[in-house]
Amino acid sequence: MITIVAMLEAKPGKEEELNKALLELIKPTRKEAGCINYDLHRSEDDPKKFFFYENWTGKSALDEHMASPHLTGFVKRAKELLAKPLDVKFYKMVSEPAG
């Protein structure tokens, strides 16, 4: 399993446009093979800051997601919406899963 944390910050005045664009990614991404979860969060302290918390079954599933039309379409719009480049970090779980 691969865990992704993707941090995004909206340009001033683009907060709601970014929020809408990110929400539009959720439904098609959750239908992708290999998507365990794909959850969007927004800061309560700073409404221009967002992050995705994602878990994928493996690298091939993540690679397919990165090439999906909905994600590549978002990436093309990113410069107009984001104050700084997307910050993506990859993690591997080191604890035993809950349950």
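A residue counts as buried under 20% relative accessible area, as exposed over 50%, and as partly exposed in between. Asp63, with a relative accessible area of 38%, is therefore partly exposed. These values, like the others in this report, were computed on a predicted model.

**Salt bridges**

Asp63 has a charged partner in Lys59: the side chains of the two residues meet in a salt bridge, with N to O at 2.9 Å. Both residues belong to helix H2 and stand four residues apart, about one turn of the helix. Lys59 has 55% relative accessibility and so counts as exposed, the cut-off being over 50%.

The model has eleven salt bridges in total. Three of them are listed here.

| Salt bridge | N to O distance |
|---|---|
| Arg42 and Glu16 | 3.0 Å |
| Asp63 and Lys59 | 2.9 Å |
| Asp87 and Lys89 | 3.1 Å |

The bridge between Arg42 and Glu16 links distant parts of the chain, since Arg42 is in strand E2 and Glu16 in helix H1 (residues 15–30), 26 residues apart. Arg42 is partly exposed, at 29% relative accessibility.

In the pair of Asp87 and Lys89, the closest N and O atoms are 3.1 Å apart. Asp87 has a relative accessible area of 32% and is partly exposed. Lys89 also counts as partly exposed, at 40% relative accessibility.

**Aromatic pair**

The count of aromatic pairs comes to one. In this pair, the ring centres of Tyr38 and Phe52 are 4.4 Å apart and the planes lie at 25 degrees, so the pair is stacked. The cut-off behind this assignment is an angle under 30 degrees. Tyr38 lies in strand E2 (residues 35–42) and Phe52 in strand E3 (residues 49–56), so the pair ties together parts that are 14 residues apart in sequence. Tyr38 and Phe52 are both buried.

**Largest pocket**

The volume of the largest pocket is about 200 Å³. Its lining is made up of 16 residues, and those nearest the centre of the pocket are Glu54, Met66, Leu71, Leu86 and Val88. At least two lining residues are supplied by each of strand E1 (2–9), E3, helix H2 (59–66), helix H3 (69–81) and strand E4 (87–91). By residue class, the lining of the largest pocket holds 14 nonpolar residues, one polar and one charged.

**Two further positions**

Gly73 is in helix H3 and is partly exposed, at 29% relative accessibility. The C-alpha atom of Gly73 is separated by 9.8 Å from that of Leu25, a residue 48 positions away along the chain.

Met93 is placed in the segment after E4. With a relative accessible area of 38%, Met93 is partly exposed. Between Met93 and Thr3, which are 90 residues apart along the chain, the C-alpha separation is 7.4 Å.

Definitions and conventions: Residues numbered from 1 in each chain as written. Predicted model: local features only at pLDDT ≥ 70, side-chain atom pairs only at ≥ 80, totals over all residues. Heavy atoms only, no water. Phe/Tyr/Trp six-rings, centres within 6.5 Å; stacked < 30°, edge-to-face > 60°. Buried < 20%, exposed > 50% of the residue type's maximum accessible area, 1.4 Å probe, protein only. 1 Å grid on protein atoms, 1.4 Å probe; cavity = no way out; pocket = protein on both sides within 12 Å on 5 of 7 lines; lining within 4 Å. Points joined across faces, edges and corners; volume = space filled by probe spheres on them. Nonpolar A, V, L, I, M, F, W, Y, C, P; charged D, E, K, R; others polar. Salt bridge = Lys/Arg side-chain N within 4 Å of Asp/Glu carboxyl O.
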